[in-house]
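Let's take a friendly look at two neighbouring pieces of a protein. Have the sequence and the 3D view ready.

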Amino acid sequence: MPAPMSDRSDVAESEQHRKDDDTARVEVLSAVFQVRRPTPDAEPVLCVLLWRQDENQPLALPGGGVVTDESLSETARRQLAETMDIRKVAHLEQLSVFSAPDRVPGGRTIASTYLGLVPADAPARLPDSASWHPVDSLGELAHDHADIIASGRRRLAGKLSYTNIAFALAPARFPMSELSEIYCAALGYPVDTTNLLRILSRRGVVVATGTVGRTGRTGGRPPALYAFADNELRVTDEFATLKPPP
């Protein structure tokens with residue numbers, strides 16, 4: 001026997017209400033890294049950009065909702081420029097989608113995440129709400145943002161082996177000792193400068209500029225300066241793997 005019309009309306013209304021409740025929000029979050037010196041005399045460390053909307057909330061990755069007339073990558077770049085004043089992102093790539101139903105309290109929120117890299121010599125202008133934090137000493141973070149940062153760091157470390165991605169972390173010109181410090185900070189273990197130069201020169205990743213830099217605090221000959229041959233990501237040795245020293 002067919003259900004009464006009023007019952008059908010109730011069922012349809014209930015179904016529509018369930019669909020409305022199940023509608024997910026999409027946000028874009030960016031794990032942006034830069035190699036920095038905490039103090040002038042300190043060793044360089046890999047840092048991530050974090051901000052706090054107000055003092056009662058934990059630190060979080062920069063990001064926000066998606067607008068209809070932008071791609072996700074355009075949204076990520078706009079958010080970094082407008083809210084963080086980060087306008088020199090040398091490399092940006094989609095990282096992963098974080099979609100656990102309970103990752104954010106309240107309503108269902110799916111995060112499309114990005115890995116961003118900022119060169120060491122980029123202008124350091126940040127709003128008061130934002131700052132760079134060493135990835136090895138992060139405190140409490142919002143939601144699953146620690147997992148997003150860890151995913152971004154693994155992606156970066158992996159690509160340092162078989163691509164030229166370090167161009168996005170290095171200054172325009174550098175002595176090889178500085179580049180090896182950048183690799184060390186990003187990988188988390190020492191990198192021999194001589195071996196790094198040999199590997200990157202053989203792959204055509206870095207080239208000599210014919211210029212020299214300033215001498216160090218201990219004196220000696222001015223160091224030769226190098227530059228990356230390309231300022232866009234490319235695979236240099238798809239089977240290569242950088243390994244920590246024994």
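This is a predicted model: local features need pLDDT of at least 70, side-chain atom pairs count only at pLDDT 80 or more; totals for chains, interfaces and linings use all residues.

Residues are numbered from 1 along each chain as its sequence is written, and side-chain values use heavy atoms, with hydrogens and water left out. Helices (H or I, at least four residues) and strands (E, at least two) are DSSP runs, numbered from the N terminus.

**Helix 4**
- Helix 4 covers residues 176-187, and its 12 residues reach 16 Å from first C-alpha to last, close to the expected 16 Å (1.5 Å times one less than the number of residues).
- Its buried residues (under 20% relative accessible area, 1.4 Å probe, protein chains only) include Met176, Leu179, Ile182 and Tyr183.
- Gly188 follows helix 4 and has a positive phi, near 90°.

**Helix 5**
- Leu196, Ile199 and Leu200 are the buried residues of helix 5.
- Seen down the axis, they fall within an arc of 90°, so they line one face of helix 5 (the arc is that of the directions from the helix axis to the C-beta atoms).
- Thr194 and Arg202, on the other side of helix 5, are exposed (over 50% relative accessible area).
- Helix 4 and strand 7 are among what covers the buried residues of helix 5.

**The ends of helix 5**
- At the start of helix 5, a side-chain oxygen of Asp192 comes to within 3.2 Å of the backbone nitrogen of Thr194.
- Just after helix 5, Gly204 has a positive phi of about 70°.

How values were computed:
Contact means heavy atoms within 4.5 Å. A polar contact is a pair of N or O atoms within 3.5 Å; within protein, one must be able to donate a hydrogen and the other to accept it, and residues adjacent in sequence count only if both atoms are side-chain atoms.
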